[in-house]
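Please look over the sequence and the model below, and then read the report that accompanies them.

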Amino acid sequence: SKSYAWDATRANIPGKGYIPVYILYLPGHEAAPQHFDQVGERVRHALEFYSQLWMPYAFPRMTVADGPELGMEYPMFIMSGLGAADHETGHEWWPMMVGVNETWWGFMDEGFNQYMNILSANDRTHRAPDAGLDGPGQAYGRTSGDELEPPMMWDENYAGPMYSFAAYGKAPMMLSMLGGIVGDSAVWRAHSAYAHAWRFGHPTPWDYAFFMSNALHRDLGWFWYYWLWTTESVDGSIQSVTTRGRHTVVTVRQDGEMPSPVVLKVEFAPGGPAIRPMKNSVMMDSATAEVTFPVDVWFGGSRTFDADLDFGGRQITKITLDPHKRF
């Protein structure tokens, strides 16, 4: 159309080199709220970042249009202003290169996209790679129990009034918790391997769950069951703390149906006997340890677990359950 201004930039894709990025917009839309003067830079960053994070962008070009719908995606073509430019570009990975059926399982494209948009924003604004991932996993407890929430495995065509939460909002919470179990960088490596394995294929949630469990070398059947097939959550608390000599016993109670590892942040007094780290602990600094007990402690059906802490007798001043707010 002669009505459009035509701008361009280029993105450097691993293994391909530079590809053109075209931006077509109505004159006057350079300013708020569309900000088309910044869209090219945003899309270029997304193409390059996701190519490094997951797998290289497969197509020969990208076009961004100031269309009637400012949030829609197609192979090599998106309609978006600045606000959704990173998100719509992310759809080139799913469902354009990894062909998931978003009308059935929206979390496999919209949800994964919402998660990776956090990572892209961190890179773009020079924040820590895992910034923003503490909190979403624990925050799910505020939604679990809503009678309108469908499980993520329900056909999205029948998801009802909480479609947006199930499709967009819940997957970042799920992957926040997964990162709390195996580490965020491990999640990213496994997701990259999943993208490569299913490039131009059509995976189902079963394919995804089995692939991730194998890639992470974990039996995560319990994890996928609770996150994908139920609307249950973790609801843990510290019931009591008892100290006898060198041993401090922390009784953790689990009132939720979803299990999780027991992660305790243990803070010590500044002086006293030398701290002797436990085998399942990591020293965060000279007076703070993080202790992890595996999710298996709940598999026997008990509602309480006694975490026995023995750090050599140094006085403990504070204990925090789930310090990173992943569960």
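## Basis and overall make-up

This is a predicted model, in which local features need pLDDT of at least 70 and side-chain atom pairs count only at pLDDT 80 or more, while totals for chains, interfaces and linings use all residues. Residues are numbered from 1 along each chain as its sequence is written, and side-chain values use heavy atoms, with hydrogens and water left out.

The protein has 8 helices and 12 strands, where helices (H or I, at least four residues) and strands (E, at least two) are DSSP runs numbered from the N terminus. Along the principal axes, the C-alpha atoms of the protein fill a box of roughly 80 × 45 × 35 Å. Of the 327 residues in the protein, 50% are buried; here buried means under 20% relative accessible area, exposed means over 50%, and partly exposed lies in between, with a 1.4 Å probe and protein chains only.

## Strands and their pairing

Two strands count as paired if DSSP finds at least two bridges between them. An open sheet is formed by 3 strands in the order S6-S7-S11, with antiparallel pairing. Strand S6 (236-244) and strand S11 (304-310) stand at the edges with a single partner strand each, so one side of each is left without a neighbour in the sheet. From one strand to the next the twist averages 20 degrees, taken between N-to-C directions on a scale from 0 to 180 degrees, with axes fitted as lines to C-alpha atoms. Strand S7 (residues 247-254) is joined to S11 by 7 bridges, and the two run antiparallel; Val252 has Phe305 in S11 as its bridge partner.

Strand S5 (residues 77-80) takes part in two pairings. With strand S3 (residues 62-65), S5 pairs in the parallel sense over 3 bridges, and Ala65 has Met79 in S5 as its bridge partner. With strand S4 (residues 71-74), S5 is antiparallel and joined by 4 bridges, and here Gly71 stands opposite Ser80 in S5. S4 and S5 form a hairpin with 2 residues between them, and Met76 in the turn has a positive phi of about 70 degrees.

Helix H5 (residues 163-182) has 20 residues and reaches 28 Å from its first C-alpha to its last, close to the 28 Å expected at 1.5 Å a residue; the expected span is 1.5 Å times one less than the number of residues. At Gly169 in H5 there is a kink of about 40 degrees, shortly before the proline Pro172, the bend being the angle between axes fitted to the seven residues ending at a residue and the seven starting there. Because 15 of the 20 residues of H5 are buried, the helix is largely enclosed by the rest of the structure. Gly183 follows H5 and has a positive phi, near 100 degrees.

Which element gives the most to the lining of the largest pocket? H5 does, with 3 residues. About 400 Å³ of space lies in this largest pocket. Of the 24 residues that line the largest pocket, the closest to its centre are Gly179, Gly180, Ile181, Pro261 and Phe327. The elements that give two or more residues to this lining are H5 and strand S10 (288-293). A pocket is an open set of points on a 1 Å grid over the protein atoms alone, where a 1.4 Å probe fits, with protein on both sides within 12 Å along at least five of seven lines; lining residues have an atom within 4 Å of a point. The volume is the space filled by probe spheres set on the points, which are joined across faces, edges and corners.

## Backbone details

| Cis peptide bond | Omega |
|---|---|
| Ala32 to Pro33 | about 0 degrees |
| Trp94 to Pro95 | near 20 degrees |

Pro33 is found in the loop between strand S2 (17-25) and helix H1 (36-53), whereas Pro95 lies in the loop between helix H2 (82-90) and helix H3 (110-124).

His35, found in the loop between S2 and H1, has a positive phi of about 55 degrees although it is not a glycine, and His35 is partly exposed, with a relative accessible area of 26%. Lys325, in the segment after strand S12 (316-321), has a positive phi near 55 degrees and is a residue other than glycine; at 43% relative accessibility, Lys325 counts as partly exposed.

Asp322 is placed in the segment after S12 and counts as buried at 9% relative accessibility. The C-alpha atoms of Asp322 and Ser260 are separated by 9.8 Å, with the two residues 62 residues apart along the chain.
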